[in-house]
Amino acid sequence: RINTIDINFDARGAAPPIVWVHGAGSGLGFGFRNYDALALLGGGAPRRVLGVDWLGAAGSSRPPYPYGGALRRPAWTLPEAAQVDAAIAFAVESLEAWRAALGIEQFDLVAHSLGGYLATHYAMRHPRRVRRLVLVSPVGWTPKPAGASAAGGLVGALWGAGFANFGTLRLLGRRAERAAKRAIADRLNLHDATERTLVARYFWSSLTAHRASAEVAVTYLLEPHSAVVADGQFA
């Protein structure tokens, strides 16, 4: 099941719809300020807008990550290229199945953060389906900084096991809840008290209310490393 919000469904016979997809550790709720503006883009006829949760994230189904489980070969035993390919396919193939199920022939794809990386792979594999691709603060396409080294020690071990990204919050549970909620509200620059509370609750429940799924795939898409920045500190 791919969780979807469908705005201006009756406008489906006009311009191609706009599909909005989120980044890692979030969901379609993060686009709450965008949907109205996109639906009335340009001040012309209303546009159909669909917000989508990637498979394994937020409100979508949480199937076991490919190559996981006791009867399957663990992803960490695969060559690095195969690990990355499996993680990309997990998102791209499910988005294509979603498009086919809804009978959408072509759309404009707007993608945020890690969703931009996955959306670009989708556009390259299915170029006839994407009329326009809009990337909002995308990650994953810049080269690794020169001299950067992969994370080692405990962080590297936890990352390799699928826990050092968003899986860590699930492990820590309530001990991390307050800090995590405050961090996401600050990161999104939310000042209204109601917005801060609702978005923080949404973020926390999206990550911790269900079993891990797409969070495991993130491990193979983003390699943790330390990089020297302009002020000489490590980031």
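This is a predicted model: local features need pLDDT of at least 70, side-chain atom pairs count only at pLDDT 80 or more; totals for chains, interfaces and linings use all residues.

Colleague: How much space lies in the largest cavity?

Modeller: About 230 Å³.

Colleague: Which residues lie nearest its centre?

Modeller: A24, W54, A57, A214 and V218. The lining of the largest cavity has 24 residues in total. Elements giving two or more residues to that lining are α2, α3, α7 (193-208) and α8.

Colleague: Which element has the largest share of the lining?

Modeller: α8, with 5 residues.

Colleague: And how do the lining residues divide into nonpolar, polar and charged?

Modeller: 15 are nonpolar, 7 polar and 2 charged.

Colleague: Back to α8. How many of its residues are buried?

Modeller: 7 of 8, so the helix, residues 214-221, is mostly covered, given that buried means under 20% relative accessible area. The buried ones are A214, E215, A217, V218, T219, Y220 and L221.

Colleague: Now the packing. Which residues touch the most other members in the largest nonpolar core?

Modeller: V19, V21, Y65 and L109, in a core of 33 residues. At least two residues each come from β2 (18-21), β3 (49-52), α2 (80-102), β4 (107-112), α3 (114-125) and α8. The largest share is from α2, which supplies 8 residues.

Colleague: What does Y65 touch?

Modeller: Leaving out residues up to four places away in sequence, Y65 touches A75, Q83, A86, A87, F90, S213, V216, A217 and Y220.

Colleague: Why does R47 count as buried?

Modeller: Because its relative accessible area is 11%, and the cut-off for buried is under 20%.

Colleague: Which side chain does R47 join in a polar contact?

Modeller: The side chain of D108, at 2.9 Å. A polar atom of the R47 side chain also lies 2.7 Å from the backbone oxygen of P16.

Colleague: What else does R47 touch?

Modeller: Not counting residues up to four places away in sequence, its contacts include I7, N8, A11, A15, P17 and I18. L38, A39, L41 and R131 are also among the residues R47 touches.

Colleague: Great, I'll look at those on screen.

Methods: Residues are numbered from 1 along each chain as its sequence is written. Side-chain values use heavy atoms; hydrogens and water are left out. Buried means under 20% relative accessible area, exposed over 50%, partly exposed in between (1.4 Å probe, protein chains only). Helices (H or I, at least four residues) and strands (E, at least two) are DSSP runs, numbered from the N terminus. A nonpolar core is a set of buried Ala, Val, Leu, Ile, Met, Phe, Trp, Tyr and Cys residues joined through side-chain atoms within 4.5 Å. Contact means heavy atoms within 4.5 Å. On a 1 Å grid over the protein atoms alone, a cavity is a set of points where a 1.4 Å probe fits but cannot get out, and a pocket is an open set with protein on both sides within 12 Å along at least five of seven lines; lining residues have an atom within 4 Å of a point. Grid points are joined across faces, edges and corners, and a volume is the space filled by probe spheres set on the points. Ala, Val, Leu, Ile, Met, Phe, Trp, Tyr, Cys and Pro count as nonpolar, Asp, Glu, Lys and Arg as charged, and the others, Gly among them, as polar. A polar contact is a pair of N or O atoms within 3.5 Å; within protein, one must be able to donate a hydrogen and the other to accept it, and residues adjacent in sequence count only if both atoms are side-chain atoms.
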